[in-house]
Amino acid sequence: MATDSITLPSPRAESRSVVLDWLCTVDHKKIGIMYIVYALIFLVIMGCEAILMRIQLARPELHFMTAAAFNRLFTMHGTTGIFFVAMPILIGFGNYLVPLMIGARDMAFPRLNAFSFWMTAFGGIFLYASFFAGGSLLQGGGAPAVGWFAYAPLTSPAFSPGHGTDFWILSLLVAGVGSIGAAVNFVATILCMRCPGMTLGKMPLLAWMNLVTAGMILVAISPLTAAQLMLMADRFLGSHFFDPAAGGQPVLWMHFFWIFGHPEVYILVIPAFAFISEILPVFSRKAIFGYPAMVAATTGIGFVSLGVWAHHMFAVGMPSYGNAFFVLTTMVVAVPTGIKIFNWLATLWGGKIRFATPMLFCLAFLFQFLIGGLTGIMLATAPFDWQLTNSYFVVAHFHYIIVGGILFGIFGAFYYWFPKMTGRMLSEKLGKWHFWIMVIGFHLTFDFMHVPGLLGMPRRIYTYQAGRGWGVWNMITSIGVIFQVAAILIFVYNMVHSYFKGAVAGNDPWDAWTLEWATTSPPPDYNFSTVPTVRSRRPLWDIKHPEDPDWKYE
Amino acid sequence: MSATSVNVAAEATESQPLSRGRVGMWCLIIAESAIFLIFVVAYIFYMGKSLDGPTPAQILTVPVITTICLLSSSFTMHWATGALREGKQLLFRVFWFITLALGATFLIGTLREWHRFIYKENFTISTNLFGTTFYSLVGLHASHVAIGLIALSTVMVLALFGKVKQEHHERCEVLAMYWHFVDAIWVVVFTIVYGLGR
């Protein structure tokens with residue numbers, strides 16, 4: 001560093017080195033932010049796809065787009081949402097927060113971490129390359145049109161000519177490798193890198209829940225990888241896994257896909273639980289209620305969720321004991337989930353609640369997740385499911401969980417941790433606008449989407465006849481999208497504006513208790529100048545209140 | 001599954017903190033096991049469901065010698081890492097080389113079997129469901145052996161240049177975990193393909 005003559009780098013060389021720095025980084029904070037930004041870009045893209053579909057469905061017999069384009073759009077919307085928005089954004093937050101919360105200086109395998117991110121990134125870019133791989137762009141180009149669960153034999157070369165399905169298979173394979181790499185890293189980090197004194201029983205719930213999520217990724221994403229390998233062999237090598245003409249059984253794909261697909265729902269929602277479990281206590285000014293029960297419930301959900309997959313397949317004609325088994329296991333999931341909801345409510349009970357924006361999103365999460373869970377229990381009842389399989393009721397149910405639950409949790413996390421990541425507060429005023437407009441838009445869209453489902457409107461149809469009684473409900477659903485778009489625009493503006501002009505956050509703007517708030521905002525490369533030592537579940541409380549530390553009571 | 005892995009790793013290093021290498025490898029093994037599980041389920045599900053021949057009984061011969069080679073390579077691998085831990089360089093290199101040779105023998109055996117099937121018996125992955133599941137399951141395992149051999153060869157070359165020292169025994173043991181896993185999977189594949197399925 002010490003040189004005789006200092007030459008200042010030209011601005012251009014400097015910006016080049018900044019780009020290079022981000023491209024080559026192995027720092028968990030930078031990788032985490034790259035995951036999050038990447039996911040936000042895809043969130044906007046999938047949102048645009050949703051807008052186009054809602055325009056098409058707003059009125060009966062509209063011809064805004066063709067059926068083929070509609071098929072491609074809902075396939076891309078679903079695939080993007082699960083694999084390139086929800087997964088990366090949650091892994092990104094985990095990447096940023098877990099090492100900070102457990103008092104570590106980085107993840108266990110920093111280079112594997114970078115590798116995992118770039119695999120996920122290439123997977124998403126590859127999927128979108130399919131738009132340019134044939135056909136007119138107005139028809140959706142060469143994008144896959146098989147739906148996000150890609151049932152056989154629709155994926156066979158006879159029914160899916162061209163390479164759209166191949167893009168879909170390969171991009172998910174690549175992204176799956178990235179997810180498994182990230183999961184390996186999370187488990188090794190959480191088990192091996194905790195700071196002195198932080199036993200598993202003193203670990204923040206966010207770290208616990210990321211540990212369970214990572215374990216589930218290991219056992220749930222791998223079956224998807226295996227099934228994709230089989231499908232690829234069917235399409236490229238002429239094997240017959242899912243080929244009825246040679247005795248293969250399409251139902252096998254359904255099983256393999258949902259063995260991945262259902263745990264995946266919990267892989268997405270448990271990190272959202274983690275945000276709630278960190279944010280609710282801070283804004284209630286109370287320690288989390290029932291810490292051990294929360295850990296046990298999370299682990300319980302992790303295990304039970306591996307045995308519920310065929311509730312997606314009640315209509316396929318399983319034997320009655322098969323249906324009964326999967327009804328029962330699905331109902332059992334409600335028990336640990338209920339424990340969590342009651343623990344969160346008990347945390348709020350008697351607390352000094354501050355209605356800051358992160359808290360608002362978490363409170364909305366509680367209500368909306370509960371309703372989404374209740375429609376889930378309705379659908380878990382096999383006879384009820386037979387009536388509503390593949391209807392808009394199902395679509396409304398899982399969007400209630402994914403948007404009303406997971407996305408609201410993610411928004412809460414943004415308002416809560418943005419100050420840590422950037423050193424600036426997000427505007428509370430804009431945040432409240434964002435929150436209320438989002439709530440209105442969400443409920444307009446997804447509450448009313450249940451109704452056409454109950455009236456018999458199947459999902460994935462590109463238009464419908466007038467006079468079925470679906471028109472009004474679809475119109476309201478589409479109008480809700482306008483509000484959601486406005487909310488997202490406010491959110492994006494808030495982030496950009498606050499990044500440059502927001503109030504300076506300081507180390508600990510929320511008066512919180514976990515270790516990430518013990519270091520500067522944003523934290524230095526090495527996170528902590530001295531590795532902290534921990535004696536309780538709220539190490540920062542102990543530092544702030546030496547006269548009344550938590551470890552005296554735990 | 002993850003619970004047992006944690007216990008095993010915890011017992012191995014009671015006083016010192018968990019080794020990230022070992023935990024990472026256990027995680028990879030869990031993920032790989034899930035991949036193999038799906039292929040094994042597909043194999044069992046399609047047993048005897050092929051619409052036309054050949055059947056396993058008509059063409060499969062039990063690969064006794066190569067199986068013995070692969071399984072015994074676990075023992076030589078164990079001795080090799082043990083020797084490195086004690087700093088016995090020569091012994092380590094000899095046993096490491098034997099492991100490599102035994103693994104390569106196994107892979108050559110698979111290649112010869114496939115060559116016979118494809119060129120003499122006219123039996124390929126697209127022949128019937130048996131072909132589909134046989135080539136995919138055995139091929140998935142063989143590709144893991146091949147990846148293991150690449151890793152073993154890398155260590156072998158480094159060892160010949162004197163770059164693998166006693167303090168690297170932990171890393172070699174992590175690699176050995178992968179090799180033992182590949183062996184253990186072969187026990188499952190062998191039992192199902194050449195035992196139950198024949």
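Visitor: Where is Ala150(A) found?
Guide: This is a predicted model, in which local features need pLDDT of at least 70, side-chain atom pairs count only at pLDDT 80 or more, and totals for chains, interfaces and linings use all residues. Residues are numbered from 1 along each chain as its sequence is written; chains are lettered from A and ligands numbered from 1 in the order in which they are written. Helices are DSSP runs of H or I with at least four residues, strands are runs of E with at least two, and both are numbered from the N terminus. Ala150(A) is found in the chain A loop between H4 and H5.

Visitor: Does Ala150(A) count as buried or exposed?
Guide: Count the other C-beta atoms, placed from the backbone, within 10 Å of a residue's own: 20 or more is buried, 12 or fewer is exposed, and in between is partly exposed. Ala150(A) has 22 such neighbours, so this residue counts as buried.

Visitor: What is the phi of Ala150(A) near?
Guide: Most residues other than glycine have a negative phi. Ala150(A) is not a glycine, yet its phi is positive, near 45°.

Visitor: Which residue is joined to Ala152(A) by a cis peptide bond?
Guide: Omega of this bond is about 0°.

Visitor: In which loop is the place of Pro522(A)?
Guide: Pro522(A) is joined to Ser521(A) by a cis peptide bond, with omega about -10°. Its place is in the chain A loop between helix H14 (471-501) and H15.

Visitor: Why is Asn527(A) classed as buried?
Guide: Asn527(A) is found in the loop between H14 and H15 of chain A. Its phi is positive, about 70°, although it is not a glycine. Asn527(A) is buried because the number of other C-beta atoms within 10 Å is 22.

Visitor: How many C-beta neighbours inside 10 Å does Lys552(A) have?
Guide: Lys552(A) sits in the segment after helix H15 (539-544) of chain A. Its C-alpha atom is 8.6 Å from that of Ser536(A), 16 residues away along the chain. Lys552(A) counts as exposed, because its C-beta neighbours number 9.

Visitor: What is the radius of gyration of chain A?
Guide: Chain A has 15 helices and 0 strands. The radius of gyration is taken over C-alpha atoms, and the globule rule is 2.2 Å times the number of residues to the power 0.38. For 554 residues, a compact globule would come near 24 Å, which agrees with the value for chain A: 24 Å.

Visitor: Where does H7(A) bend?
Guide: H7(A) is mostly covered, with 30 of its 35 residues buried. The bend is the angle between axes fitted to the seven residues ending at a residue and the seven starting there. In H7(A) the bend is about 30°, at Trp258(A).

Visitor: Which helix gives the most to the side of chain B that touches chain A?
Guide: Two residues are in contact if their C-beta atoms, placed from the backbone, lie within 7 Å. The contact takes 27 residues from chain B and 29 residues from chain A. Helix H1 (2-12), helix H2 (20-45) and helix H6 (129-160) of chain B each give two or more residues to the chain B side. With 13 residues, the top contributor is H2(B).

Visitor: What share of the 198 residues in chain B is buried?
Guide: Chain B has 7 helices and 0 strands. Its C-alpha atoms fill a box of roughly 60 × 35 × 20 Å along the principal axes. The buried share of chain B is 36%.
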